[in-house]
Amino acid sequence: METQLQSIFEEVVKTEIIEEAFPGMFMDTPEDEKTKLISCLGAFRQFWGGLSQESHEQCIQWIVKFIHGQHSPKRISFLYDCLAMAVETGLLPPRMVCESLINSDTLEWERTQLWALTFKLVRKIIGGVDYKGVRDLLKVILEKTLTIPNTVSSAVVQQLLAAREVIAYILERNACLLPAYFAVTEIRKLYPEGKLPHWLLGNLVSDFVDTFRPTARINSICGRCSLLPVVNNSGAICNSWKLDPATLRFPLKGLLPYDKDLFEPQTALLRYVLEQPYSRDMVCNMLGLNKQHKQRCPVLEDQLVDLVVYAMERSETEEKFDDGGTSQLLWQHLSSQLIFFVLFQFASFPHMVLSLHQKLAGRGLIKGRDHLMWVLLQFISGSIQKNALADFLPVMKLFDLLYPEKEFIPVPDINKPQSTHAFAMTCIWIHLNRKAQNDNSKLQIPIPHSLKLHHEFLQQSLRNKSLQMNDYKIALLCNAYSTNSECFTLPMGALVETIYGNGIMRIPLPGTSCLASGSITPLPMNLLDSLTVHAKMSLIHSIATRVIKLAHAKSSVALAPALVETYSRLLVYMEIESLGIKGFISQLLPTVFKSHAWGILHTLLEMFSYRMHHIQPHYRVQLLSHLHTLAAVAQTNQNQLHLCVESTALRLITALGSSEVQPQFTRFLSDPKTVLSAESEELNRALILTLARATHVTDFFTGSDSIQGTWCKDILQTIMTFTPHNWASHTLSCFPGPLQAMRSHEGNEAQVCYFIIQLLLLKPNDFRNRVSDFVKENSPEHWLQNDWHTKHMNYHKKYPEKLYFEGLAEQVDPPVPIQSPYLPIYFGNVCLRFLPVFDIVIHRFLELLPVSKSLETLLDHLGGLYKFHDRPVTYLYNTLHYYEMHLRNRESLKRKLVHAIIGSLKDNRPQGWCLSDTYLKCAMNAREDNPWVPDDSYYCKLIGRLVDNILFTMAGKSPGPFPNCDWRFNEFPNPAAHALHVTCVELMALAVSGQDVGNALLNVVLKSQPLVPRENITAWMNAIGLIITALPEPYWIVLHDRIVSVISSPSLTSETEWVGYPFRLFDFTACHQSYSEMSCSYTLALAHAVWHHSSIGQLSLIPKFLTEVLLPIVKTEFQLLYVYHLVGPFLQRFQQERTRCMIEIGVAFYDMLLNVDQCSTHLNYMDPICDFLYHMKYMFTGDSVKEQVEKIICNLKPALKLRLRFITHISKMEPAAVPPQAINSGSPAPQSNQVPVSLPVTQ
């Protein structure tokens, strides 16, 4: 091949000797040139025709190499003319020629003439290259320009500019050589945010990138950096809050020039989440961290360090520490977070300590030093035995910085719990020293001079063999010597002994012949808080081992009440999860069950029912599965145990959070039997009711009308196979639509049933008296009590419970003696067992209008029991949400319900803990005929309360708007979750329709409100988004009406109304800062805040809203751009969570474009519109909408059709011959119905 090519081309460039002797003196006439060209091409055509397809590329590469081997510019120019002609006559494929020219190694900027001639040729023939080829060429040309140094002789600049001209032609939007979206992507890969383009390209590239700022804006959520979640709220686990684990940036789609703040690391967001109690799962979800894969996450490490520094700053200003104040809660929370993230190796301990040293150096912050050392001691004592000593030595560097004293530090008052923090540094030294001795290490450190008194005090205390429980000496010794078994046995033994009982004394428990070990006073919480995690782990391990031992031994003596209560308290600590709740569910329960130790099993279930808090949902569902297995075993059909198993299962089912149901039950789709009852219709009914409530509150079925293909279908089918049953029509009518396919039965007995229930509960005085006495004499705050057992026994003596039909046995003649031994009861009684049943009774009564009065009577007499409910506010929230439609216009019943449940807690909660003062004053006392209708200021204050709650957390101010509490024992995991739920309860309880409340909430920012500060406006929008999406549909659907009124407003419908640039009009941040805001930018920002917090169920109404409501009214470019901007940022969520909706939205966007195109003579913003549609195709829809979209694009005007032709490949659909003149004219690549297009390229 090469020989043949050589002969063809050498023939053409052959010159006479005389020409070579006098170069430049001889000129070919144009005719001679043409003859040469034609003969050369003729010979080449013949040769090319005989070549195989595979050899084409090699052939062209040889030609390029041959040309580049010439030294005469004249020859090169002539040969390039040959190539051009070969392309123009359709002999050679333009893409292959361009690629071979540009990719050639011999194309170097130093050969300036070759450079200039090559790019002139490329400019001539690139119009015939397909769009993907043009993209690849652009990439290589941009890379080639990078080889040109920063300083070159001005003489050659002119020739080098030939490359810039090719780039300019490729980027020329009217030429349409490729989707501009491809070009910007290649440019941004080479020149990311902040990197300046090569000097040769001047403003060409940066100006082109700027034309994509509108597209980037269309894809951005307004004020996104100011939006914050409520941790553990249902919306918090969705994709909205994901961050890149390496950079903490938002995962933005496409290489668009987004606003700078979106490229920043979102440290404020991560920091805010980290500060919230119970946020570790959310942190892992945000950063994509998996406990199974031990990956270090430096950005997380930095934030944890910053949080510690912040806590040190806070401690400088706080006077008291041990009052349960914010500083104490913060340190407690910090130590829990640190242990978790370091334990799973997401953060490195030595790195963090060195970083802390660096950040604290020279700051003089020493008031919080003991608390800091306490946090570090937690981790050191628990992990020093398994890790190298060197990992822990940086702590001594921190000691030198924070403990500069030359004199002895005095021993603190050991009667106070904070004394354990004061001793923390000495304890750390003892652990380090012990490790050094065990390793025979040379790194032993003598005891620092300032800690001598502390060390001597501990040594002396160890010698004292009889330790008392009246101070914190035992805790100090446990903390100091937990890694030294000889010394540790004494203090740990003393703790254990106090709760186990001495082995001789016995005390009675409720019922007949049930005795327990004699210790009744549990270890107080402040003592447990004063033990390090390592000491707590030893204690819980010791308890669990003892329980298993007693289970194996089938001991007839029940566990000591002190032990059971202390064990329950230890299970509250998340940082000992593996030995705590995980061990409880996965090891202890199954072992006790295998041993048939029914008394202990009953005890464990009671603990779970009455003493557990914040247990992760997967543990609760695992327990539920255990219980169903248990119920199937014959020996467990023992009255009292069976009652307890059923009661615990009922509590587990009804207490599932609405956002927990789907993720937990989808784990069992392959085998739904494990979480359903094979025989208890009641439990399966309770599960269906929980499913109905969860799918309603999370809007799971919103926008869909079938259960087919959803996770609920298999569960419901299995239930109906196990326990076939019917539903009353009034219950069925409250179910979400798709669940109404359940079987219904009709009858008039419903009201009679309710009447009987009321009679049973209220007619005999016995039950009412039991309830009122129990409520009067007991407090739900079990963690603060040390005399629960005494009160419990007194109550059972006064009101004994008969669990084995003794009542019936006594009635027969002669009486039958029943001597069934009772299983131990530590916490339960009929009142507490009735509570989950009462929850269901209230719901059934709400469903039937005629029995409302009976419900009010029930609440009057028994409502006080809600004082002992695990989740009173959540229950109220779920009830008002689920029955919103039933409770409309039933103000007095709503008020009664709220008053009964919230009022039951008045003695156990500080003032202002739940309902606002205004509500208590105005709504609770309103008359039937004159309901209270709040004004704007009421809504502003209510939203302001949540804003303050979130901002107080952010700014670390205290106190927040709600009183402080120990979140470990609260129904909510953190202040914001509490604030959100109580706010929603209050709003749903108002005697105002959902529509009016929704509008009033939107008006808080859409109307000018003196109570809303301008500088925090996005924080207020965030709060409204959180609240409105946590309310039923009538409250948030009003946003759609606001959007319609903005889209129909003159500023978007008439082109003359707003002569400016639409993207400035929609830029909320810029408008707000320049005091030039308009209602359309405010509504846009608020809609974004609401939709950002929405569940995918709520968002799934958007496609219908677009096609049925907006499509008919969108006629102008401004309206179209507004709709794109409104919905564009949520395509990513739809793609990840509900593809069907994404496809519907994609098609609706084109339908709207067709409307606007037909209603306008000329589109001014064609480029941003098309850029956005290309972004949508390449980032989201792909070819999924191709079929529908092709039909629409064919009906667009030529200018638009030309720009969008790469989406449908119209050029393939309408083949056309390549007009030769098109190659040089700078016009677009071939297309049949071309029109001249002159458009302003958007600024």
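The legends below describe close-up views of a predicted model.

In this predicted model, local features need pLDDT of at least 70 and side-chain atom pairs count only at pLDDT 80 or more, while totals for chains, interfaces and linings use all residues. Residues are numbered from 1 along each chain as its sequence is written, and side-chain values use heavy atoms, with hydrogens and water left out.

**View 1. The protein chain as a whole.** The chain has 66 helices and four strands; helices (H or I, at least four residues) and strands (E, at least two) are DSSP runs, numbered from the N terminus. Along the principal axes, the C-alpha atoms fill a box of roughly 140 × 85 × 60 Å. Of the 1243 residues, 58% are buried; buried means under 20% relative accessible area, exposed over 50%, and partly exposed in between (1.4 Å probe, protein chains only). Among contacts (heavy atoms within 4.5 Å) between residues at least 6 apart in sequence, 77% join residues at least 24 apart.

**View 2. Helix 32 and the helices that cover it.** Helix 32 (residues 639–654) has 16 residues and spans 22 Å from its first C-alpha to its last, close to the 22 Å expected at 1.5 Å a residue. The expected span is 1.5 Å times one less than the number of residues. Buried residues of helix 32 include Leu641, Cys644, Thr648 and Arg651. Among the elements covering its buried residues are helix 30 (598–611), helix 31 (617–631), helix 34 (681–697) and helix 41 (830–847). Helix 30 has 14 residues and reaches 19 Å, close to the expected 20 Å.

**View 3. Helix 52 against helix 49.** The axes of helix 49 (residues 994–1006) and helix 52 (residues 1038–1047) come within 9 Å and cross at roughly 55°. Axes are lines fitted to C-alpha atoms, for helices over the stretch in contact, and angles run from 0 to 180 degrees between N-to-C directions. The two helices are therefore oblique to each other; angles under 35 degrees count as roughly parallel, over 145 as roughly antiparallel, 65 to 115 as roughly perpendicular and the rest as oblique. Gln995, Gly998, Asn999, Leu1002, Asn1003 and Leu1006 of helix 49 make the contact with Val1038, Leu1039 and Arg1042 of helix 52. By class, this contact has four nonpolar, four polar and one charged residues (Ala, Val, Leu, Ile, Met, Phe, Trp, Tyr, Cys and Pro count as nonpolar, Asp, Glu, Lys and Arg as charged, and the others, Gly among them, as polar).

**View 4. Helix 52 against helix 59.** Helix 52 and helix 59 (residues 1117–1127) have axes that come within 10 Å and cross at roughly 150°. They are therefore roughly antiparallel to each other. Ile1043, Val1046 and Ile1047 of helix 52 meet Gln1119, Tyr1122, Val1123 and Leu1126 of helix 59. The contact has six nonpolar, one polar and no charged residues.

**View 5. Glu801 in its loop.** Glu801 lies in the loop between helix 39 (788–798) and helix 40 (806–811). Its relative accessibility is 11%, so Glu801 counts as buried. The side chain of Glu801 reaches the backbone nitrogen of Val830 at 2.7 Å. The side chains of Glu801 and Arg833 are joined by a polar contact of 3.0 Å; a polar contact is a pair of N or O atoms within 3.5 Å, where within protein one must be able to donate a hydrogen and the other to accept it, and residues adjacent in sequence count only if both atoms are side-chain atoms.
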